[in-house]
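The following exercises are to be worked through with the sequence and the structure at hand. Each task is followed by a stepwise solution.

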Amino acid sequence: MPSPLIVLGIESSCDETAAAVLVDGRTRSNVVAGQEVHAQWGGVVPELASRAHQEHIVPVVDTALRQAGVARQDLSAVAFTQGPGLIGALLVGTCFARSLAQGLGIPLLGVDHMQAHVLAHFIRDGEDRPIPPFPFLNLTVSGGHTLLVLVSGPLEMKVIGTTVDDAAGEAFDKAAKVLGLPYPGGPLIDRNAIGGDPRRFKLPMPQVPGTDFSFSGIKTAFNLLVQRGLRDDPAFIQKEHAHLCASLQQSIVDVLLRKVQKAARSLGVRSIAMSGGVSANSALRAQFAALAEREGWGAYVPPPAYCTDNGAMVAMAGHYLLKAGRTVGLDAIPHTR
Ligand code: KG4
Ligand code: ZN
């Protein structure tokens, strides 16, 4: 029997320091340290993110190895997020991974963060989840990106749509800031939208041709709506909170799903999938499944812990890169875009 592939995945592209161990694509551990330091600033402060990664990386990797019951010497390879992301944040994970791979004399794998988000679908963890068959269309929605990707194989991906301005997660976070919610506001909007009327406030549907997205119009309209409301009634946000959250959320979901439907129809794919932080959104998950059902397509969405940034998806990407012999040198440097 061939020896198992034991891959350590390290993620440090933004504001999560994460590490995971996968054995033959199965999760043995998945550890994430968030960074609360950004909440008060309304967004990720790059300098603070780098410092927090420096503090977290050793304990996070140690915990991942310990929880997996894997000794460093047992690792087959080290995978790390090479980009895109914040340069100072990426440097922490990159330098750590390079040193570890050098010390252990094992291969180093440079992972594209957006590719890792797609490969989150293939992580096995004992739960019986169907994996999307190739080819499938993936909606990759995070704080930094909004992409439609045609996936024909584990490492064969083609971007067929992207945002022309803000990312969907950014739209959630910026609207949340207008409501006075701390960063990241996406999960709070999701929670606070419960019981709200998603059609109470109408926000403009962007008119971007093809399979590209735009969210800046929604952001501006939402801001205006709130400023006008506050002018008439200083308690506007409190009174309308759930309706504002639900309406904003619905507008973003409408934009996303409209383009998914258009792209999947024109490509003729039978399977749609979704990943990235925003795909943890409960309204989006429910309506994504409903769209697939109406169209007779298969729908695939990982559990929320694999949607937001995590080490398991980086290790999963590393697993495929290792099998394909696509290692990087110990002089690998991060790329921000
Ligand atoms: O993938 P991710 O963890 O990090 C990036 O690669 O950017 O995505 C983070 C984004 C943030 O904008 C956050 O507000 C959003 O995902 N997000 C959500 C939810 N959970 C995370 N947005 C809406 N609803 C959620 N439940
Ligand atoms: Zn991400």
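**Exercise 1: A helix and its covered face**

Helix H6 (residues 216-232) has 17 residues and reaches 25 Å from its first C-alpha to its last, close to the 24 Å expected at 1.5 Å a residue. Helices (H or I, at least four residues) and strands (E, at least two) are DSSP runs, numbered from the N terminus; the expected span is 1.5 Å times one less than the number of residues. The model is predicted: local features need pLDDT of at least 70 and side-chain atom pairs count only at pLDDT 80 or more, while totals for chains, interfaces and linings use all residues. Residues are numbered from 1 along each chain as its sequence is written, chains are lettered from A and ligands numbered from 1 in the order in which they are written, and side-chain values use heavy atoms, with hydrogens and water left out.

Task: Determine which residues of H6 are buried and what covers them.

Solution. 
1. Buried means under 20% relative accessible area, exposed over 50%, and partly exposed in between (1.4 Å probe, protein chains only).
2. In H6, the residues Ile 218, Ala 221, Phe 222, Val 226 and Gly 229 are buried.
3. Viewed down the axis of H6, these buried residues fall within an arc of 135 degrees, so they line one face of the helix. The arc is taken from the directions from the helix axis to the C-beta atoms.
4. An α-helix has 3.6 residues a turn, so residues three or four places apart point the same way.
5. The cover over the buried residues includes helix H4 (168-178) and helix H7 (236-267), contact being heavy atoms within 4.5 Å.

**Exercise 2: A strand and its partners**

Solution. 
1. S4 (residues 77-83) is mostly covered, with seven of its seven residues buried.
2. Together, S4, helix H2 (residues 87-104) and S5 form a right-handed β-α-β unit. Right-handed means that, with the strands pointing away from the viewer, the path from the first strand over the helix to the second runs clockwise.
3. The loop between S4 and H2 holds Pro 84, and the peptide bond from Gly 83 to Pro 84 is cis, with omega near -5 degrees.
4. Gly 105 is found in the loop between H2 and S5 and, at 63% relative accessibility, counts as exposed.

**Exercise 3: The zinc site**

Task: Identify which residues coordinate the zinc ion (ligand 2) and where His 113 and Asp 309 lie.

Solution. 
1. Donors are N, O and S atoms within 2.8 Å of the metal (3.2 Å for Na, K and Ca); water is not among the atoms, so sites may look incomplete.
2. The zinc ion (ligand 2) is coordinated by His 113 (NE2), His 117 (NE2) and Asp 309 (OD), at 2.0 to 2.1 Å.
3. His 113 lies in helix H3 (residues 113-119) and Asp 309 in the loop between helix H9 (304-307) and helix H10 (311-323), so the pair ties together parts that are 196 residues apart in sequence.
4. His 113 is buried at 5% relative accessibility, and Asp 309 is buried with a relative accessible area of 14%.
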